[in-house]
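Colleague: I would like to learn how to read the sheets and the ligand site of a model. May we take them in turn?

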Amino acid sequence: MPILRVNNLKTAYKTRLGEYIRAVDGVSMRLEEGMQVGIAGESGCGKSTLALSMMGFFFPPLTYISGEVIYEGRNIMELPYETLRHEILGKIIAYVPQAAMNALSPTLRVSQFIYDIMRAHDRNVTKKQVVDLLHERFALLGLPERAINAYPNELSGGMKQRVVIAASTILNPHILIADEPTSALDVTSQKQVIQMMQRMLKMGIVKSIVYITHELPLLRQITTHIMVMYAGVIVEQGTQEEMIFDPIHPYTRALMGSIIVPEEGIRSRRIAGIPGVPPHLGKEIIGCRFKDRCAYAGTLCTRCEGVERDIGNGRRYRCDLEESALRVVYSNE
Ligand code: ADP
Ligand code: MG
């Protein structure tokens with residue numbers, strides 16, 4: 001049974017000029033218990049927007065267009081904001097945005113900051129309840145007690161990040177979405193952040209984690225499944241093994257090809273080496289979104305976008321070429 005299903009979700013930023021930046025342009029996916037999903041793709045492909053959209057978190061200029069996000073039989077997209085705020089955000093889905101650790105207020109102790117946030121959700125919560133909860137949770141996650149009453153400048157970047165993640169999940173949400181959770185951290189802090197999140201999954205504090213990252217070694221270490229996003233759509237999704245070692249879509253292949261050296265395992269730290277840039281999302285794209293950068297694009301690809309092909313067990317890719325044809329081309333290289 002999936003925890004969450006996303007069906008053909010479309011959302012866009014409506015600019016002041018009336019232009020729609022179609023950052024999420026028909027995404028379907030499902031999250032199941034125990035899944036650790038990595039969402040990969042170059043900058044600007046819509047990863048953060050997908051995270052916000054999945055939670056129904058629409059603030060101008062981000063606008064909902066169509067599609068569903070189903071949680072326990074309810075379409076989250078139809079809920080009024082107040083219901084979302086009280087029943088979904090932080091309780092069902094917690095989102096830790098990019099550079100979240102910098103969101104801690106420099107003038108407030110961690111406990112006060114978290115209390116203020118929790119009070120915004122629940123008027124009746126007391127400071128003591130929050131502090132007690134924090135003590136319990138920090139002990140469980142191996143975070144030092146002193147962090148609870150510290151000011152942010154007394155904590156390292158890695159510690160701040162762990163504190164923010166621990167605080168965001170204090171209500172045991174089913175899903176944790178962590179947006180670039182380890183970027184800008186040193187290697188040791190990265191490990192600690194990751195270990196803590198995995199512990200949260202093991203202990204049942206959360207049931208599923210979505211990691212947004214373009215750090216590919218991270219995808220190898222921590223995911224069970226990978227989705228590759230390109231220009232507002234998921235071009236391929238499958239298990240980690242399939243996606244890294246047996247990619248079907250040319251874009252996935254290009255991404256993964258840049259990191260795999262069979263003897264050394266995963267080499268480079270970031271996605272690199274695909275010439276060109278993703279298309280502008282403000283204009284309608286005719287044909288395949290990846291055609292201009294694809295070594296295998298033919299005339300059909302300039303005319304219509306490939307349908308999303310389901311090849312079973314949750315493995316899907318979006319390309320006009322048949323898997324078998326792509327495999328033949330790849331094997332001849
Ligand atoms: P990613 O997280 O993959 O780097 P984003 O979701 O941040 O990508 O952005 C997807 C697209 O939406 C990009 O083209 C970006 O320029 C655009 N975008 C993001 N935020 C806004 C905004 N506030 N207004 C207009 N366009 C935006
Ligand atoms: Mg982003």
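Modeller: Strands of a sheet pair through backbone hydrogen bonds, either parallel or antiparallel. In this predicted model, four strands form an open sheet in the order 2-1-4-5, and the pairing is antiparallel. Pairing here requires at least two DSSP bridges between two strands; strands are DSSP E runs of at least two residues and helices H or I runs of at least four, numbered from the N terminus. Strand 2 and strand 5 (74-75) are the edge strands, each pairing on one side only.

Colleague: Over how many bridges do strand 1 and strand 4 pair?

Modeller: Eight bridges join strand 1 (residues 2-14) to strand 4 (residues 62-71) in the antiparallel sense. Y13 stands opposite L62 of strand 4.

Colleague: What conventions apply to the numbering and the values?

Modeller: Residues are numbered from 1 along each chain as its sequence is written, while chains are lettered from A and ligands numbered from 1 in the order in which they are written. Local features need pLDDT of at least 70, side-chain atom pairs count only at pLDDT 80 or more, and totals for chains, interfaces and linings use all residues; side-chain values use heavy atoms, with hydrogens and water left out.

Colleague: In what order do the strands of the eight-stranded sheet lie?

Modeller: That open sheet has the order 6-7-8-3-9-10-14-13, with mixed pairing. Strand 6 (93-96) and strand 13 (308-310) each have a single partner strand, so one side of each is left without a neighbour in the sheet. Ignoring direction, neighbouring strands are turned by 20° against each other on average; axes are lines fitted to C-alpha atoms, for helices over the stretch in contact, and angles run from 0 to 180 degrees between N-to-C directions. Strand 3 (residues 36-40) and strand 9 (residues 225-230) run parallel and are joined by four bridges; I39 has M227 of strand 9 as its bridge partner.

Colleague: Which strands does helix 1 lie across?

Modeller: With contact taken as heavy atoms within 4.5 Å, helix 1 lies across strand 3, strand 6, strand 7 (175-179), strand 8 (208-212) and strand 9, at about 150° to strand 6.

Colleague: Which element gives the most residues to the shell around ligand 1?

Modeller: Helix 1 gives the most, with three residues. A residue is near a molecule if one of its heavy atoms lies within 4 Å of it; of the 13 residues around ligand 1, G44, G46, K47, S48 and T49 come nearest. An oxygen atom of ligand 1 is 2.7 Å from a polar backbone atom of G44.

Technical notes: A polar contact is a pair of N or O atoms within 3.5 Å; within protein, one must be able to donate a hydrogen and the other to accept it, and residues adjacent in sequence count only if both atoms are side-chain atoms.
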